[in-house]
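Please read the following account alongside the sequence and the coordinates, turning the structure as each part is discussed. The paragraphs begin with local packing and end with the chain as a whole.

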Amino acid sequence: MGETDGKMIDATDYRILRELVHDGRSSDVTLGERIHLSSTATARRRKILEEDGVIAGYTAKLDMMKLGFSITAMVSIELTSQAEQVLNEFESAVIRCPSMSFCSFVSGEVDFIMIVHVRSFDDYDRVYRKELSTLPHVARIRSSFLMREVAQRSVAPVAIEDPN
């Protein structure tokens, strides 16, 4: 069972989390109706989950295709070194890349994985030349282009299941 600041997350909390993952804009009244709890109790529980950081925030999911970004690239980056200064300098620079939506330090053959959104292959060439190739301490960049999205979840279903 999950824990938040020493308090156990119970089955009702997990029901709230499941509902919010599907519709983060749910009012406390609607949410309470869905989980069979009063809106006051629902609001109290939601507030606790927010304050404890279990609910880290709320966002809108945007359709990148409708915004004109028809190509998504998964970019693997190897650095020249894994020294702390090199990692810090790379991480500070990559945060400023406007085409990047995700970047993570990873184990394995590469050092970082990034997700980059572009409007066309010409646009990717521009991003490669102006953003990716200018990042500090890069030894190698490899790109794979996503062909078809099969699934995308903000949260793995197992994370919002009551373990009991």
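In this predicted model, Asp28, Val29, Leu31, Gly32 and Ile35 of helix α2 meet Ser39, Thr42, Ala43 and Arg46 of helix α3. Sorted by class, the residues in this contact of α2 with α3 are four nonpolar, three polar and two charged. Helix α2 spans residues 28-35, and its axis lies 8 Å from that of α3, at an angle of about 105 degrees. Angles of 65 to 115 degrees count as roughly perpendicular, and α2 and α3 are therefore placed in that class relative to each other.

The loop between α2 and α3 contains histidine 36, whose phi is positive, at about 60 degrees, although this residue is not a glycine. Is histidine 36 buried or exposed? Its relative accessible area is 72%, and because exposed means over 50%, histidine 36 is classed as exposed.

Helix α1 covers residues 11-22 and helix α3 covers residues 39-51, and the two pack at an angle of about 80 degrees with 10 Å between their axes. Helices α1 and α3 are therefore, like the pair described above, roughly perpendicular to each other. On the α1 side the residues that take part are Thr12, Asp13, Ile16, Leu17 and Leu20, and they meet Thr42, Arg45, Arg46 and Leu49 on the α3 side. By class, this contact of α1 with α3 has four nonpolar, two polar and three charged residues.

Aspartate 13 is located in helix α1, and, once its neighbours within four places in sequence are left aside, aspartate 13 is in contact with Met8, Arg45 and Leu49. Which class of accessibility does aspartate 13 fall into? With a relative accessible area of 8%, and because buried means under 20%, aspartate 13 counts as buried.

Attention can now move to helix α5, which runs over residues 121-132 and includes leucine 132. Leucine 132 has a relative accessibility of 0% and therefore counts as buried. Apart from neighbours within four places in sequence, the residues in contact with leucine 132 are Val75, Met114, Tyr124, Val127, Val138 and Ile141. As a reference for distance, the C-alpha atom of leucine 132 is 21 Å from that of glycine 68, a residue 64 positions away along the chain.

Tyrosine 124, one of the contacts of leucine 132, also belongs to helix α5. At 8% relative accessibility, tyrosine 124 is buried. With neighbours within four places in sequence set aside, tyrosine 124 is in contact with Ala73, Val75, Val118, Leu132, Ser143 and Phe145, so that Val75 is listed for tyrosine 124 as well as for leucine 132. Tyrosine 124 and phenylalanine 112, which are twelve residues apart in sequence, have C-alpha atoms that lie 18 Å apart in space.

Histidine 137 has a positive phi, near 70 degrees, although it is a residue other than glycine. Its relative accessibility of 27% places histidine 137 in the partly exposed class.

The whole chain gives these details their setting. Five helices and six strands are present in the protein chain, and from the N terminus on they follow the order β-β-α-α-α-β-α-β-β-α-β. Among contacts between residues at least 6 apart in sequence, 63% join residues at least 24 apart. The C-alpha atoms fill a box of roughly 55 × 40 × 25 Å along the principal axes, and the radius of gyration is 20 Å, whereas a compact globule of 164 residues would have a value near 15 Å. Of the 164 residues, 32% are buried, and the chain exposes about 10,800 Å², of which carbon and sulfur atoms supply 51%.

How values were computed
Residues are numbered from 1 along each chain as its sequence is written. This is a predicted model: local features need pLDDT of at least 70, side-chain atom pairs count only at pLDDT 80 or more; totals for chains, interfaces and linings use all residues. Side-chain values use heavy atoms; hydrogens and water are left out. Axes are lines fitted to C-alpha atoms, for helices over the stretch in contact, and angles run from 0 to 180 degrees between N-to-C directions. Helices (H or I, at least four residues) and strands (E, at least two) are DSSP runs, numbered from the N terminus. Angles under 35 degrees count as roughly parallel, over 145 as roughly antiparallel, 65 to 115 as roughly perpendicular and the rest as oblique. Contact means heavy atoms within 4.5 Å. Ala, Val, Leu, Ile, Met, Phe, Trp, Tyr, Cys and Pro count as nonpolar, Asp, Glu, Lys and Arg as charged, and the others, Gly among them, as polar. The radius of gyration is taken over C-alpha atoms; the globule rule is 2.2 Å times the number of residues to the power 0.38. Buried means under 20% relative accessible area, exposed over 50%, partly exposed in between (1.4 Å probe, protein chains only). Accessible areas come from the Shrake-Rupley method with a 1.4 Å probe; for residues, only the protein chains shown count as cover.
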